[in-house]
Amino acid sequence: MRVEPALDGTVALVTGASSGIGAAAAAALAAQGAAVALAARRRDRLQSLAAGIRDQGGTALVLECDVTDQQQAAGAVQRTVAELGRLDTLINNAGVMLLGPLAGAPLPEWQQMVELNVLGLLYCAHAALPHLLRAAGSGPRQVADMVNVSSVAGRAARAGNGVYSLTKHGVGAFSESLRQEVTGRYVRVCLVEPGATDTELASHNRPEILQSIRNQFGQRMEAGDIADAITYIVTRPRHVAVNEMLIRPTEQER
């Protein structure tokens, strides 16, 4: 007997979809039957991912955009709904991690993290929320999901991650407040907090910081491990909400 994919008939928008967790999550959701909108700045990466999804029989929409621009973020949501028909799932994954001592740190790095990790997420959430509420009331599953990708740093501040941790703590606070507001209307909000994961995230750091990061972390998870978690979250039955998921490599102590 054929089992229908859990997300048949639904639409998901994934930000930061050009690599890492975003790309893996988009492919995983497509495998579950969702039509996926892929949002990021690198069109070539998105086109390659979309081609792979289509080769597997899925539907993918490429959205070249910078979510730190409010109009572009809102436009990505609008195009998703206009071209794919609805919006059931938002994966707020786009983010940047720039570490190092606070004293003498380049101020543009702090601004970049706030603009992407906080404002970019808020712009997407604000634009998507009316559509998620509508989907929860009229969709094939009668439930909608917003998954906000945070970090272990959103739980504990450490020396060298002050502003990054600040942004991720903020994502956690926003997620819990929003969850309380919309859970009664069957929009589920989940905070995902990965530990050390093998993605491009660390590569944007200054060379001297990058070497320190390499020395600090040992075992790492794969992007697919986090995509598995996201897939689990959004495929729960309507009466089950996973509100928070902390995921570390087995060997990571803190």
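## A first look at this predicted structure

Helix H1 is followed by Gly33, a residue with a positive phi near 105°.

**Helix H1 and what covers it**

- Helix H1 takes in residues 20-31, and its 12 residues should span 16 Å at 1.5 Å a residue; the C-alpha atoms at its ends are 17 Å apart, which agrees.
- How many of the 12 residues of H1 are buried? The count is 9, so H1 is mostly covered.
- The buried residues of H1 are Ile21, Gly22, Ala23, Ala24, Ala25, Ala26, Ala28, Leu29 and Ala30.
- Their cover includes strand E1 (11-15), E2, helix H2 (43-55), strand E4 (89-92), E6 and helix H7 (223-234).
- Leaving out neighbours within four places in sequence, Thr231 is in contact with Ala28, Leu29 and Gln32.
- Thr231 has a relative accessibility of 12%, so it counts as buried.

**The nonpolar cores**

- As background, nonpolar side chains tend to be buried together in soluble globular proteins.
- The largest nonpolar core here has 39 residues, and the members that touch the most others are Leu13, Leu63, Val67, Leu87, Leu90, Leu132 and Val187.
- Strand E2 (35-40), strand E3 (60-64), helix H3 (70-84), H4, E5, H5 and strand E6 (187-194) each bring at least two residues to this core.
- Which element gives the most to this core? H4 does, with 10 residues.
- Apart from this core lies another one, of 38 residues, including Ala12, Ile21, Ala60 and Ile91.
- Leu13, from the largest core, touches Ala37, Ala39, Leu63, Val77, Thr80, Leu87, Thr89, Leu90 and Ile91 when residues up to four places away in sequence are not counted.

**Salt bridges**

- The structure holds 7 salt bridges.
- Asp145 and Arg188 form one of them, with their closest N and O atoms 2.8 Å apart. This pair links distant parts of the chain, as Asp145 is in strand E5 and Arg188 is in strand E6, 43 residues apart.
- Are Asp145 and Arg188 buried or exposed? Asp145 is buried, and Arg188 is buried too.
- Arg86 and Asp88 meet through their side chains in a salt bridge of 2.9 Å, N to O. Asp88 has 3% relative accessibility and therefore counts as buried.
- Glu176 pairs with Arg179, and the closest N and O atoms of this salt bridge are 2.9 Å apart.
- Glu176 and Arg179 are 3 residues apart in helix H5, so about one helical turn separates them. In general, an α-helix has 3.6 residues a turn, so residues three or four places apart point the same way.
- Arg155, Glu193 and Glu244 are joined in a network of salt bridges.

**A nonpolar patch on the surface**

- Val114, Leu119 and Leu166 form a nonpolar patch on the surface, and together they have about 230 Å² of accessible area.
- Leu119 sits in helix H4, which covers residues 107-138. With 32% relative accessibility, Leu119 counts as partly exposed.

**Residues to look for in the loops**

- Most residues other than glycine have a negative phi, which makes the next two residues worth a look.
- Gln142 is not a glycine, yet its phi is positive, at about 60°. Gln142 lies in the loop between H4 and E5 and is partly exposed, with a relative accessible area of 30%.
- Tyr186, also a residue other than glycine, has a positive phi near 65°. Its place is the loop between H5 and E6, where Tyr186 is partly exposed at a relative accessible area of 31%.
- Where is Asn161 found? Asn161 is in the loop between strand E5 (144-149) and helix H5 (162-182).
- Asn161 is buried, with a relative accessible area of 11%. Its contacts, apart from neighbours within four places in sequence, are Leu99, Ala153 and Ala156.

Definitions and conventions: Residues are numbered from 1 along each chain as its sequence is written. This is a predicted model: local features need pLDDT of at least 70, side-chain atom pairs count only at pLDDT 80 or more; totals for chains, interfaces and linings use all residues. Side-chain values use heavy atoms; hydrogens and water are left out. Patches are made of residues with over 30% relative accessible area and no salt bridge: like charges are joined within 9 Å, nonpolar side chains (Val, Leu, Ile, Met, Phe, Trp, Tyr) within 5 Å. Accessible areas come from the Shrake-Rupley method with a 1.4 Å probe; for residues, only the protein chains shown count as cover. A salt bridge is a side-chain nitrogen of Lys or Arg within 4 Å of a carboxyl oxygen of Asp or Glu. Helices (H or I, at least four residues) and strands (E, at least two) are DSSP runs, numbered from the N terminus. Buried means under 20% relative accessible area, exposed over 50%, partly exposed in between (1.4 Å probe, protein chains only). Contact means heavy atoms within 4.5 Å. A nonpolar core is a set of buried Ala, Val, Leu, Ile, Met, Phe, Trp, Tyr and Cys residues joined through side-chain atoms within 4.5 Å. The expected span of a helix is 1.5 Å times one less than its number of residues.
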